[in-house]
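The following paragraphs lead the reader through a single structure, one region at a time. Please keep the sequence and the model in view while reading.

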Amino acid sequence: MTTSHRWQFDTYNQPVEALSWRPHELGDPGPGQVLLKILAVGMNRSEFNYVQGKYAPARTFPSGIGQEAVGEILAIGPASADGPLPHGTTPLTVGSRVALLPGRVDMCDMGTYRDVGIFDQAALAPVPDIYTDAEAAGLWMGVLTMAGALELAGITPDSAEGKTVLITAASSSMGVIALKLARTWGATTIASSRSAAKAEQLTALSDHAIVAGDSGALATEIAMVTDNSGFDVALDPVGQAFYPGLIDAAAVGAQIISYEMITGREPVLPIAQMMMKDLSFRGYTLFRLYRIPGLLTQIIDWGMTYAEQIKPVIAGTQSLSDAPQVLAELGRCDHLGKLVLMP
């Protein structure tokens, strides 16, 4: 048996009030599992929402938290003949450094906000050798979400040239990776932020950086930087409050990919305007990658191939022991890039 500790909560609340650090016993890894020592934890807005009951509901209480991390394999369970396998380049040897894939981590039962855990081998992914532990912990949520959304919109390494891609809320860890991917692949990129200071920082990551505090400003600024030609693809987590501006600023035949709903779930859309512009409006979650055969492998291949160009921007590393306070900080959205917890 291994004594482990993890952050858990018994009821929905703000992170500082809800989360507590508790011990529990782990057995040996079973068939198709590994025992993993956590080296760094990537933090995500979905976890801030999860602990408050604003994300997918916890299956049971107490619930763990966390979907993304990098760790060292301490022990390997027997091979399993059932279930999905990890990416073919994932090292499955004791002592290897590996990442945990969002979408295959049981956040409720295990979670990544912990010191040691048992995880399915299918949840493991390779780690770029050139990355620090913090960078490795901040890679795969961004790549699975943003490369997957770009692929859904038809933006790939072979098709991005000549396209204009808009990333709203671009100072997030997701937005930063999306900008780097699209730009690396040859697209012209536009980054939007509500903050002038963040927009200034984003000029190093994007062809254009605009300040847009509301939907009207978004449309006006996009028209200015594109000479009224608009964007071809937008990746947007803002949602309801930005949809009118996105539709106004879109080029004919553009695609708007919505991957979060920060400002609301029930927008009123101008369908006639969308019809006249021949717009495509699509929703996306990374679970699409697990439904379509071969797509997850393709996205991981892209993440490894372009690892040097898309290295995550780490906003800060803080102690795992301060997870509740850091999660509250994440919720304030004052940073640019990824917040990471270190044991």
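In this predicted model, Phe-9, Tyr-12, Tyr-50, Tyr-55 and Phe-61 are joined by ring pairs into a cluster. Across the whole structure, a search finds 10 aromatic pairs. One of them brings together Phe-9 and Tyr-50, whose ring centres are 5.5 Å apart; the planes stand at 85 degrees, so this pair is edge-to-face. Phe-9 belongs to the loop between strand S1 (2–8) and helix H1 (15–18), while Tyr-50 belongs to helix H2 (residues 45–50), so the pair ties together parts that are 41 residues apart in sequence.

Are these two residues buried or exposed? Phe-9 is buried, because its relative accessible area is 0%. Tyr-50 also counts as buried, at 3% relative accessibility. Tyr-50 has a further ring partner in Tyr-55: the centres lie 6.5 Å apart and the planes are at 85 degrees, so this pair is edge-to-face as well. Tyr-55 itself is partly exposed, with a relative accessible area of 34%.

The next stop is Ala-40, which is located in strand S3 (residues 33–42). Ala-40 counts as buried because its relative accessibility is 0%. Beyond its neighbours within four places in sequence, Ala-40 makes contact with several residues, including Ala-69, Val-70, Asp-133, Val-340 and Pro-343. From Gln-14, by contrast, which is 26 residues away along the chain, Ala-40 is separated by 23 Å between C-alpha atoms.

Ile-76 lies in strand S4 (residues 68–76) and is partly exposed, its relative accessible area being 34%.

Notes:
Residues are numbered from 1 along each chain as its sequence is written. This is a predicted model: local features need pLDDT of at least 70, side-chain atom pairs count only at pLDDT 80 or more; totals for chains, interfaces and linings use all residues. Side-chain values use heavy atoms; hydrogens and water are left out. Helices (H or I, at least four residues) and strands (E, at least two) are DSSP runs, numbered from the N terminus. Buried means under 20% relative accessible area, exposed over 50%, partly exposed in between (1.4 Å probe, protein chains only). Contact means heavy atoms within 4.5 Å. Rings of Phe, Tyr and Trp (its six-membered ring) pair if their centres lie within 6.5 Å; planes under 30 degrees apart count as stacked, over 60 as edge-to-face and the rest as tilted.
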